[in-house]
Amino acid sequence: MRPVRRPGGKRRNVRARRRMLLVFWLVLAALMIARSVEVQVIERDAWVQDALRQHRMTRVVPAPRGRILDRNGGELAVSHWRARVAVAPNEILDREDVAEALLANLGLSRAQARRVSGPTRTWHVVPGRYSMTQVAALRGIRGVHVEGELRRLYPREGLARGLLGIVLDGTGREGVEQSMDSVLAGQSGREIVARNYRGREIPGQVVTMEPPVAGRDVVLTIDQDLQEISEEMLANALESTGARGGDLIVTDPRTGEILAMTSVVNGSAGALSAVNTSYEPGSTIKPFTTAALLRHGVASLDDSVDTGNGSWVVNGRTITDIQRGGWMSLHDVVIESSNVGIAKFTDRLTRGQQYTTLRDFGFGTPTGVPLPAEATGLLRRPEMWSEQSAHSLAFGYELSVTPLQMAMAFGALANGGVLMEPLLIKEVHNRAGEPVRFGRPRAIRRVMPEWVSETLTPVLVEVVDNGTGTRARMSSFQVAGKSGTARATGRSGRYESGAYHASFGAWFPADDPQLLFFVKLDRPSGVYYGGATAAPVTRATLESLLSARQSPIDRAALARAQRDRRGPPPAEPLVRFAVATEQAVEERPGEMRAWTGAGASSAARDREMIVPDLQGASLRVALRRLHKMGLRVHLEGGGTVAATHPGGGTAIGAGDTIRVVGRGR
């Protein structure tokens, strides 16, 4: 029997389903209302900030690094703001206006301006970098995007690059850029940039939150003209001797100021081996051994030893000399640079006396120069010496030194016995350009009585006049110095056959020193002795410096230091003016000028000269020529010379300023 369906049951099921659907929609509506209340009321601030972040971007604004200046205010490193310009053609409202703006402000050709602003979807980057003035009028133009960047520039091209260092990603690397990074770097700023729905910057919608604070300027003790002369003289020496590299340091022995310092390593001038590479000094150590003998009263210059036939077998080792043997006084041992003689005299010193003297002169310890990666050298304590060590140390083996350590030690011989700390930072300027920190000469210690220096100086003058350093001799002034030659080691630590370091330390003038020179050449070929290869660098540097119109030399004091046997100087001494070119030094008899230093007449100082035609020359050659003429130079741009103001052929006076405009940006 079939069941009977009741109409009322079907209706009840429909009503139940409707109620369930109604409840579902009511719950869903309640949830939506609750969520909207949560979003619009409770989470309102968070969503507002999220929306702002989508349309605004906070970015860091780099601060300009401070300048690095030479002792006279010449710029060695500067930061310039440069801009990159890009065009988004699909954002442009008026293409003709954009093309005209690019044409007027960036100096583009009409064809270039039309191409980058043409009807295309391609993003165009305008070639070149532009100044803040050039892009100022472009910032509010729709479709034109300007992005600024700070570039570190070195106006004197490659001058002192190893000393200055470099900047990578806004941080100083090597040299002064690294050691003074916290002073030069400044403080970055922040700005907010408005962006459209595509995430691109909206022109003109930039708000500065924190302006960047520029870094402070650092003034070095370096004299840029002397630095340039030193680099040129070292380069000439490397070329003429075939040396792999070398170092040249010029200091003021009275204050410890570093006036010039240059290094070349395997043809690269970007290193600073004068500070971070040590070597065995050879015979340049003999004046310090002699100072120990005199200081401790165990020998006088008149005491003699028998050097035999120029060789001496001691403790199973043979010490040899190049020159003939026989009886030699301590005076002659230094002049002839006798290894046998200085080794025999060293037997009069105790190990403690020998070690203490060398340590007092700064060997085996860092000098404290504010440059990264300074090498300390090596001087072992006496308890670590062998039976041969005292003799080896006497003529410059079994210790290692840096050229800077040698320069400061020679400075102590020159200034009366005081070891000075090397002074490289002369001043730090605040952001208003006012000096707020001063570098002051600092004496580390007195290493010997003044009478020892006074006793040694005439001996070292005779080394230059009649001994191993005659190629540094000057006819007008006395130079005191000592040469050295030592075997060079390779990567294995063993001596290389036929490889030597040649060096020469000297001060000028001998009786009233103003300049201290230390030269080291690495593996010169052919004749490799220090007196034959390194000593001439000192004389060449001095001659170039004396012929320059501007130099750190006190010419009045220099005139008083001339050799007595030459008689009084002429009333108006003349020097020949040398014009430097990339190939050689060309003497121009037609450009002879009266000496304009102290003692020269006012008429000589006011004498006019003719500005040379420098158009098309490299900036390095142009700067060298103008500085040698005694002119001040204001440099604009880079690359080659586009023009000078005043131009070539114009009469100008010594000490005037000439503006040099380069073709590059």
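Guide: A residue is called buried when its relative accessible area is under 20%, exposed when it is over 50%, and partly exposed in between (1.4 Å probe, protein chains only). Glu 75, at a relative accessible area of 33%, is therefore partly exposed.

Visitor: What kind of model is this, and how are its residues numbered?

Guide: This is a predicted model, in which local features need pLDDT of at least 70 and side-chain atom pairs count only at pLDDT 80 or more, while totals for chains, interfaces and linings use all residues. Residues are numbered from 1 along each chain as its sequence is written, and side-chain values use heavy atoms, with hydrogens and water left out.

Visitor: With which residue does Glu 75 form a salt bridge?

Guide: Side chains of opposite charge can pair when their charged atoms come close. A salt bridge is counted when a side-chain nitrogen of Lys or Arg lies within 4 Å of a carboxyl oxygen of Asp or Glu. Glu 75 forms such a bridge with Arg 67, where the closest N and O atoms are 3.1 Å apart, and Arg 67 is itself partly exposed, with a relative accessible area of 30%.

Visitor: How many salt bridges does the structure hold, and which residues are joined into one network?

Guide: The structure holds 17 salt bridges. One of them joins the side chains of Arg 254 and Asp 252 at 2.9 Å, N to O; here Arg 254 is partly exposed at 43% relative accessible area, whereas Asp 252, at 8%, counts as buried. Glu 496 and Arg 523 form another, with their closest N and O atoms 3.3 Å apart. That pair links distant parts of the chain, since Glu 496 lies in strand β22 and Arg 523 in the loop between β23 and α18 (530-533), 27 residues apart. Of these two partners, Glu 496 is partly exposed, with a relative accessible area of 26%, and Arg 523 is buried, with 13%. Through shared partners, salt bridges also join Arg 65, Arg 152, Glu 177 and Asp 181 into one network.

Visitor: In what order do the strands of the open sheet stand?

Guide: Strands of a sheet pair through backbone hydrogen bonds, either parallel or antiparallel. Strands (E, at least two residues) and helices (H or I, at least four) are DSSP runs numbered from the N terminus, and two strands pair if DSSP finds at least two bridges between them. In this model, 5 strands form an open sheet in the order β12-β11-β23-β22-β21, with antiparallel pairing. Because β12 (257-264) and β21 (480-489) stand at the edges, each with a single partner strand, one side of each is left without a neighbour in the sheet. From one strand to the next, the twist averages 10°.

Visitor: Which strands does β23 pair with, and is β23 enclosed or open to its surroundings?

Guide: On one hand, strand β11 (residues 245-252) and β23 pair over 7 bridges, with Ile 249 standing opposite Phe 518. On the other, strand β22 (residues 495-508) pairs with β23 over 8 bridges, where His 501 stands opposite Asp 522, and the two strands form a hairpin with 6 residues between them. In β23 (residues 515-522), 8 of the 8 residues are buried, so the strand is largely enclosed by the rest of the structure. Leu 515, Phe 517, Val 519 and Leu 521 point one way, while Leu 516, Phe 518, Lys 520 and Asp 522 point the other way, and all are buried.

Visitor: How does strand β21 pair with β22, and which helix packs on the sheet?

Guide: Strands β21 and β22 run antiparallel and are joined by 9 bridges, Gly 481 having Ala 506 as its bridge partner in β22. Helix α9 (residues 224-241) packs on the sheet and touches β11, β12 and β23, and its direction makes about 35° with that of β12. Such angles run from 0 to 180 degrees between N-to-C directions, with axes fitted to C-alpha atoms, for helices over the stretch in contact.

Visitor: How many residues does the largest nonpolar core have?

Guide: A nonpolar core is a set of buried Ala, Val, Leu, Ile, Met, Phe, Trp, Tyr and Cys residues joined through side-chain atoms within 4.5 Å. The largest one here has 88 residues, and those with the most contacts inside it are Leu 220, Phe 288, Phe 361, Phe 363 and Leu 424. Helix α16 (residues 403-414) gives the most to this core, with 9 residues. A second, separate core of 32 residues includes Met 233, Leu 248, Val 250 and Leu 542.

How values were computed: Contact means heavy atoms within 4.5 Å.
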